[in-house]
Amino acid sequence: ADEEVMPSATQNLSPQEEQEKLLEEALQIVKVQSFQMKRCLDKTKLMDALKHASTMLGELRTSMLSPKTYYELYMSVCDELRHLELFLVEEFNKGRRIADLYELVQYAGNIVPRLYLLITVGAVYIRANEAPRKDILKDLVEMCRGVQHPQRGLFLRSYLLQCTRNMLPDIAVTAGQRPEDGDVRDSLDFILLNFSEMNKLWVRMQHQGHSRERDKRERERQELRILVGTNLVRLSQLDSIDVSLYSKVVLKSVLEQVISCRDAIAQEYLMECVIQVFPDEFHLATLTFFLKTVGEMHQSVNVKNIIIALIDRLASFANRDETSGIPEDVPLFDIFSDQVASIIQVRDDLPSEDVIALQVSLINLALKCYRDRIDYVDKVLKSTIDIFSSRLKQEKVDGAVSRELLRLLKIPVDSYKDIITVLELKHFAPLFDYFAYDARKDVSAYVVNSLIEHSTQLKTQAQVDCLLQMVAPLVVDQPDQPAEPDDPEDFVEEQGLMGRIVNLFQADAADDQYLILTTARKHFGNGGESRIRFTLPALVFAAYRLSLWYYKIRNEDEKWSKKCGKIFQFSHQTIQALAKADMSELALRLFVQGSLTANQINFEQSETVAYEFFSQAFSLYEEEISESRAQLSAITLLVGTFERMRCFSEENHDPLRTQLVLASSKLMKKPDQCRAVTVSSHLFWSSHTRDSSEEESRDGKRVMECLKKSLRIAGQCMDVSAEVQLYVEVLNRYLFYYEKGAEEAT
């Protein structure tokens, strides 16, 4: 009978202390009995040594130790049994028949010591070659059925596997022949039977004891799982197993046992073991069968982890340098895609985040093994949309599902490092709609950051249109946008990104560039006042660069002049949108820059455009800018710009100059008036008209009038220190004109 030892009672101890005390008592007995055993062996008293060995092994009959503590006791006993094994090997070398001893140890009193001794002697018996090893192996594995206590049985069979690990027949199968000593089929029979019995014992642990101790039993089972998995490791170490034998015998038997046990812990662990221990070539040959089995597993098995582990293993195999990749005759992606779809359809209870995680693993497989097949990636994205349509009833996802979907969308962005390729994925952007606002904005920013990081240029109107529709949460207000405004710093950073990407809108032809800018203007124009201050200025400067591009290719395009006029019209409308949104200073600067750009390009309407832009800037100055410091800055900018203009005829030049001087003298603060009038004196000295070509106006009389007026204004200041400072500034200006040869400056 498989009875147990009852150690001395332990009271008032914590569970850990109790385990330590029980182990200490057992180890003390092992120490004493092993010492006696070795003394008997030294005196060649084998029968007495076996009695002490049996008493020592009797400690393994206990069921009061936890798996962890029992393992320590087991290892100590195994170390001592090694001495007995070495003695038996020496006896065999001296001519002793091991067969008699093999029969003898079977009369030991208790079954646990009897079987440990039988296995120890049996290992030597196999080495002695006194009988076919296949028969001894079969006898040993069958005899172990006598111990049905889960923990004791698992360690006993583990000992069997350990003692025979280098003795299993590993000869390839030969048609019509079966060697007397056995071939690899006998090893398979031995290991598979041992595996089957160990798995049954392991699963049986789950159903022992009170239901309230279920968590404890599951922890103990996890501690013992490696004992069962070692069987699969032994199978993988048999060199004579080929793909055919693996698929027809090994995998079939293992998966039958996995399915029949109907235990979630066992199924999940053993499937992962199969994935890890057997070669990639075996997995490729049995992929469909393996994945179908996954679909038949217990409802609580995490099939996601199993499939992901297999995909990661094969993807790594495909990318190893020493391999040629996935064989062409193995449609790896199609098999995984079909089987995953089947599992998702069958497993209604599969958590939504796990379903999306499976799609993540599929897209990883497609990108690692079939990088050039973007249709595979798009197929995964499409199936994800179908899953959302059929399984997930809510319009927006959140929590774990949202995080997995975010992972799914980031993978193509990170892998391709080219947003143009991502834009070719028809089903990429539609998945954005399943995110809530914040997540949608985050993934949009991720796409834009990738575009900027890799300096990917968008060369067509369609690409720009597609991108700006995709990242709409950064372009326009959204219906589901929260009422409270975004964090100001985050908002500025996001919109700064949108302004930067305009520089990446770069077509190969000027006409295409104009279409790109008009498309971007349509999107950005709907962004509201808070956004256009970041995006529209970038568009305006892009338009100015385009006008210079047309001027550069004027000999190749006879309509270049009209196209330049159209560009400035586009710029004018865009700047007016900023002016209407109360961004007067920004609009003024853009108008001024436009007049300078028109001045550089000698096209039909250059003077008209430059005049219009400059007059618009001046109007904004007069009507919208009221703060004194801003007024001084603006008038200084206008004067400096006008001084550089070359395209105005005298008819347009003179009234603008007069208006600038007049405006300078109308500033509210006297110091500002003085400085503005002083600066405006340059309009009479170094300004140009179209008719004067490169000659400066150099009207010394008018210059002196401005400087004298500046002195009068400076003299009206009540603050003495400010008055002195202004006199010094005007004096410096006098000296400037004197050095330039102005005769009146004396």
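**Why these labels?**

Reader: Why does Val 377 count as buried?
Author: The relative accessibility of Val 377 is 1%. Buried means under 20%, so Val 377 counts as buried. The value comes from a predicted model. Val 377 lies in helix H17, residues 374-390. Val 377 and Leu 425 are 48 residues apart in sequence, yet 7.7 Å apart in space, C-alpha to C-alpha.

Reader: What makes Tyr 107 exposed?
Author: Its relative accessible area is 68%. Tyr 107 sits in the loop between helix H4 (98-104) and helix H5 (111-128). With Met 47 and Leu 104, Tyr 107 forms a nonpolar patch on the surface. Together the three have about 340 Å² of accessible area.

Reader: Why are helices H7 and H9 called roughly parallel?
Author: Helix H7 (residues 150-163) and helix H9 (residues 214-236) pack at an angle of about 30°. Angles under 35 degrees count as roughly parallel, so H7 and H9 get that name. Their axes are 10 Å apart. The crossing of H7 and H9 is left-handed.

Reader: How do you know that Glu 80 and Lys 38 form a salt bridge?
Author: Their closest N and O atoms are 3.2 Å apart. The cut-off is 4 Å, so the pair qualifies as a salt bridge. The pair links distant parts of the chain. Glu 80 is in helix H3 (residues 67-93), Lys 38 is in helix H1 (residues 15-42), and 42 residues separate them.

Reader: Why are Glu 197 and Lys 200 said to be about one helical turn apart?
Author: Both lie in helix H8 (residues 184-204), 3 residues apart, so about one helical turn separates them. Glu 197 and Lys 200 form a salt bridge, with the closest N and O atoms 3.9 Å apart. That distance is within the 4 Å limit. Glu 197, at 8%, is buried. Lys 200, at 41%, is partly exposed.

Reader: Which residues are linked in a network of salt bridges?
Author: Glu 142, Arg 145, Glu 197 and Lys 200 are. A search of the whole structure finds 28 salt bridges.

Terms used. Residues are numbered from 1 along each chain as its sequence is written. This is a predicted model: local features need pLDDT of at least 70, side-chain atom pairs count only at pLDDT 80 or more; totals for chains, interfaces and linings use all residues. Side-chain values use heavy atoms; hydrogens and water are left out. Patches are made of residues with over 30% relative accessible area and no salt bridge: like charges are joined within 9 Å, nonpolar side chains (Val, Leu, Ile, Met, Phe, Trp, Tyr) within 5 Å. Accessible areas come from the Shrake-Rupley method with a 1.4 Å probe; for residues, only the protein chains shown count as cover. A salt bridge is a side-chain nitrogen of Lys or Arg within 4 Å of a carboxyl oxygen of Asp or Glu. Helices (H or I, at least four residues) and strands (E, at least two) are DSSP runs, numbered from the N terminus. Buried means under 20% relative accessible area, exposed over 50%, partly exposed in between (1.4 Å probe, protein chains only). Axes are lines fitted to C-alpha atoms, for helices over the stretch in contact, and angles run from 0 to 180 degrees between N-to-C directions. Angles under 35 degrees count as roughly parallel, over 145 as roughly antiparallel, 65 to 115 as roughly perpendicular and the rest as oblique. A crossing is left-handed if the near helix is turned anticlockwise from the far one by less than a right angle, and right-handed if clockwise.
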